[in-house]
Amino acid sequence: MIIATELIYLLAAVLFILGLQFLSSPRSARHGNWIASAGMVLAVAWTVVVLRGSFTAAGIIICVVGFVIGAIVGVVSARRVKMTAMPQMVAIFNGAGGGAAALVGVSALLNLSGQHPEFQTGFPEVLAVIIGGISFAGSVIAFLKLQELITGAPITFPGQHLVNGLLALVILALAVVLLALNSSIVVITVLLALVLVLGVTFVLPIGGADMPVVISMLNACTGLAVAASGFALNNFALIVAGTLVGASGTVLTRKMSDAMGRSLINVLFGAFGQVQVSAEGGTSAAGHTVRSGSAEDIGTLLAYSRSVIIVPGYGLAVAQGQHALRELADLLERRGVEVKYAIHPVAGRMPGHMNVLLAEANVPYEQLKEMDEINDEFKQTDVALVVGANDVVNPAARNSPGSDIYGMPILNADQARNVVILKRSMRPGFAGIDNELFYDHRTILLFGDAKESLTKLVAAVKVA
Amino acid sequence: MSEQTVVLFTYFVLTAFIGFEVISNVPTILHTPLMSGSNAIHGIILVGALLIAANAQTSLQIVLGLLAVFMATVNVVGGFVVTDRMLEMFKAKQPGGEKGKEQ
């Protein structure tokens, strides 16, 4: 039985690795997800088989009830969530996993309440509680921020780093007490409570625009918490699957902060986006005027240009305008206009988020260009059509060293011969920074909901 | 450290290398589905939750076990379903007659 269990867990581990590998290519990605879920079914089903004799009466009830309710909640929310709300959905699923890992750690510690646990199981149990608890609380805050239930702006108070640092020290001290002296329920409860507080205060000061990086990091954390509980429970499957996620999640987090041109440390501790207005009076856009045009003017401009590069952003997603955008692009193509899409790595709110949204509207995969691929083409392009994007085309990232986003790679929309910006209002973008591109003499703005503006443009191009 | 722990630690280290390696060539467009897919994989904590919940006797153990199984199931089931929904949209539509594939 033990050998069978090891072999089945090994098979599950192989399926997870293959699944991740298949997920790395657009063609096989869906199969990758199926392969990984097959591994999961295998591992879970076999665990139930192994446990079948040892369930207590209460145990079997809570396993069945917990599973059934969890499955219903999981399927319903995953099916119902709008594509635009995907990042916070992933955050909350991740939080659930982290919370489960923390509870597994707590339960294991409680089982030997009173005495101090053996180090080689006690240490990973405490780690699972700490990392899983931070991941849970942090994910909940990330969810609340992205869902805009609390402000996306960084929430800071004086001495924040000091408080967080002290909190971390107290947690470490408690962990030592727990491992070396006793693991009474009081100590465990206080530890769990402090860990949850740290998760909250850790994510609160991070701005909404940086949430994807945070979610990715918390995802990796949950993986590590799961691996830690694997050590505690002596379970190969937990260790391998948790470590895989921990390692790949770390790589992904690095890639994401690189895409924003910032170090991870800066993302986590920089309270980015807190300063709303640039301090330099000279380059500040305040007082400058913008040029707004009618849909008819802009429709004509688009219809008679030779090449158009579309820069989609989160505003497009919020307005559910991707289908209208596709219609406009089709119309232009039929008139012989060359249409491409420039996708910034962090367009939307997660890397690749925009690709998912445009794929939903059947935009051909071949027209989606990544930043490095298309940035040199803007110079020879007649119109850059910016739809609901802001920070990713802000020249301040290139030109003004004082700006918060200085150094972030941007799309060179400002180098196109004309720039058309569809925008809801003059509010600054998610990062909270003004954009001088709006005040450029080659720029025309069309205010309004992205979907409505696009529909108007479609009508205007038809009659042009 | 017991021999058993050393063996487990070996798995841990080797798997970490696989984890670094296996996704290093992922194109940007798949980052979101990949994050979501790997998010579902750490739902394996359901196995741990079941191991803990199976032996529950005291009311505290019952509450903790129930919560752990519930949360782990949400993670794993929701994670895979939502990933599949994202990837559904990447289905190949080359036959649609798009001319030049970029290189």
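Start by selecting H3 of chain A and H3 of chain B: the two helices are roughly antiparallel to each other, a label for angles over 145 degrees. Helices here are DSSP runs (H or I, at least four residues) and strands are E runs of at least two, numbered from the N terminus.

This is a predicted model: local features need pLDDT of at least 70, side-chain atom pairs count only at pLDDT 80 or more, and totals for chains, interfaces and linings use all residues. Residues are numbered from 1 along each chain as its sequence is written, with chains lettered from A and ligands numbered from 1 in the order in which they are written.

**Stop 1: between the chains**

Select residues 57–80 of chain A and 45–54 of chain B. The two axes come within 8 Å and cross at roughly 150°. Axes are lines fitted to C-alpha atoms, for helices over the stretch in contact, and angles run from 0 to 180 degrees between N-to-C directions. Now show Gly59(A), Ile62(A), Cys63(A) and Gly66(A); they meet Leu50(B), Ala53(B) and Ala54(B). Contact means C-beta atoms, placed from the backbone, within 7 Å.

**Stop 2: chain B**

Colour chain B by secondary structure. It has 4 helices and 0 strands. Of its 103 residues, 59% are buried, that is, with 20 or more other C-beta atoms within 10 Å of their own.

**Stop 3: a helix pair in chain A**

Select H6 (160–180) and H7 (185–203) of chain A. They pack at about 155°, with axes 10 Å apart. H6(A) and H7(A) are therefore roughly antiparallel to each other. Among the residues making the contact are Leu167(A) and Ile171(A) of H6(A), and Leu191(A) and Leu194(A) of H7(A). By class, this contact has 18 nonpolar, 2 polar and no charged residues. Nonpolar covers Ala, Val, Leu, Ile, Met, Phe, Trp, Tyr, Cys and Pro; charged covers Asp, Glu, Lys and Arg; the others, Gly among them, are polar.

**Stop 4: the sheet**

Move to the open sheet of 6 strands in chain A. Its order is S3-S2-S1-S4-S5-S6, with parallel pairing. Pairing requires at least two DSSP bridges between two strands. S3 (368–370) and S6 (443–447) of chain A stand at the edges, each with a single partner strand, so one side of each lacks a neighbour in the sheet.

Zoom in on S1 (307–312) and S4 (383–387) of chain A, which pair over 5 bridges. Pro312(A) has Val387(A) as its bridge partner in S4(A).

Finish with H11 (295–303) of chain A. This helix lies across S1, S4, S5 (418–423) and S6 of chain A, at about 130° to S6(A).

Notes: Parallel < 35°, antiparallel > 145°, perpendicular 65-115°, else oblique. Contact = placed C-beta atoms within 7 Å. Buried ≥ 20, exposed ≤ 12 C-beta atoms within 10 Å, placed from the backbone.
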